[in-house]
Amino acid sequence: MKILAIETSCDETAVALLEVEGDESTVRFKVLGNGLLSQIDIHKEYGGVYPALAKRAHAQNLVPVMESALSQGGFSKNGTTPVPKELTEILTREPELEKALRAYLETHAKPEIDAIAVTHGPGLAPALWVGVNFARALSLVWNIPIVPINHMEGHMLASLAQKDGESYVVKDAKLPLLALLISGGHTELVLMNDWHSYELLGRTRDDAVGEAYDKVARMMDLPYPGGPEISKLAEKQREEGKTYSFELPRPMIHSGDCDFSFSGLKTAVLYILKKHGALSGEERAELAHAFEDVVADALWRKTERALEISGARALVLGGGVSANVNIARVFKKQMTEAFPEVHFSIPPRELTTDNAIMIGLAGFYRARKGEFSTNVEADGNLVLAG
Ligand code: KG4
Ligand code: ZN
């Protein structure tokens, strides 16, 4: 099955073309084309993502990003696609996108694609809507069905993928499967009891872990996104065998459930910075190191608890923060020592942060089940499990 996948939930405009085959026992997929444009430079000065700017940038980027993905996949200028008049209605809020799409369709015939997968939530509603409307427009002009995808399911399924030569493979997934999903907007422990049947075991009560990374980085005058910046500083300290004297609170460790909280930690960093005044380069690195240790410990302790109560046979980490080397290392060590019988995996590095490949993969599973929609709507607060 050939799937065109679209992802615009946050600050990456991503379109991928996937060739996927298999069933729940083994899925194999090849990335035929992958276009991705990051808006990091646009949002840098705000220290976070600014929704109105994200929406505009997605509208400008979608056609070129799709064109790149499709031409990598062998669909280049080769004819024309007639445009029904309803197109204007679908893209009424995105006139610029409509113009770019019309120009594209004038010189490109309909590609042989079986389905269009699009992220319809969770994320920034204005950003999601651009992707959803674009998918609806393509569905109309090409007469190809749409599968709406939950962004978090994309992250989760990407965590099961392993590189296998030129392709990726998802196989031998052990159920129940516990996923720790950690990104800029989410921190949750989700149990997949059966394929696509989810149960929420724990979540953050305030900030997401990626958000804490980004906010703390901002307080320390590090650029956006803060996760990789803090990680670099802390990792260097570890390599040099350095220690630190900063003491940070270990949030919610004794709460007796699987919930997280990161806003107290963020406030503790703020107090340190206020009390201390300007930090030297060395002190800043020490603080980053201390922060990372507390984060990894908090994530591990709640995951450990969730593993115990759920009896999960596999654990995966997913979402942008799962790119963090320290978290991966801490989890690997703890899993080997405490849960050697539980299968543990993290996503291939290129699939950790937002991308459309994961949306295409989830799209395949959903399309196999016939979950097409003729009336997709964006939902910024969409949940995997309530
Ligand atoms: O999944 P993602 O790309 O977008 C959302 O769906 O939110 O995650 C982005 C988040 C940002 O907060 C970023 O700072 C964080 O992931 N991040 C990291 C690392 N790489 C990205 N956090 C810690 N360490 C990293 N290496
Ligand atoms: Zn994400």
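In sequence, the residues that donate to the zinc ion (ligand 2) follow the spacing H-x3-H-x198-D. In this predicted model, for which local features need pLDDT of at least 70, side-chain atom pairs count only at pLDDT 80 or more, whereas totals for chains, interfaces and linings use all residues; side-chain values use heavy atoms, with hydrogens and water left out. Residues are numbered from 1 along each chain as its sequence is written, while chains are lettered from A and ligands numbered from 1 in the order of writing.

The protein donors (N, O and S atoms within 2.8 Å of the metal, or 3.2 Å for Na, K and Ca; water is not among the atoms, so sites may look incomplete) are His151 through NE2, His155 through NE2 and Asp354 through OD, at 2.0 to 2.2 Å from the zinc ion. Because histidine 151 and histidine 155 are four residues apart in helix α6 (residues 151-158), about one helical turn separates them; helices here are DSSP runs of H or I with at least four residues, and strands are runs of E with at least two, numbered from the N terminus. Both histidine 151 and histidine 155 are buried, a class defined by under 20% relative accessible area, with exposed meaning over 50% and partly exposed the range in between (1.4 Å probe, protein chains only).

Ligand 1 is surrounded by 19 residues, of which Gly184, Asp214, Gly320, Asn324 and Asp354 are the closest, a residue being counted if one of its heavy atoms lies within 4 Å of the molecule. Two or more residues of the shell come from each of α6, α7 (209-219) and α8 (226-239).

Two loops hold the backbone features described next. In the loop between β7 (167-171) and β8 lies proline 176, which is joined to leucine 175 by a cis peptide bond with omega of about -5°. Aspartate 172 is placed in the loop between β7 and β8; although not a glycine, aspartate 172 has a positive phi of about 50°, and its relative accessibility of 52% makes it exposed. In the loop between α7 and α8, where proline 225 has its place, the peptide bond from tyrosine 224 to proline 225 is cis, with omega near -10°. Aspartate 221 is likewise found in the loop between α7 and α8 and, although not a glycine, has a positive phi of about 60°; with a relative accessible area of 67%, aspartate 221 is exposed.
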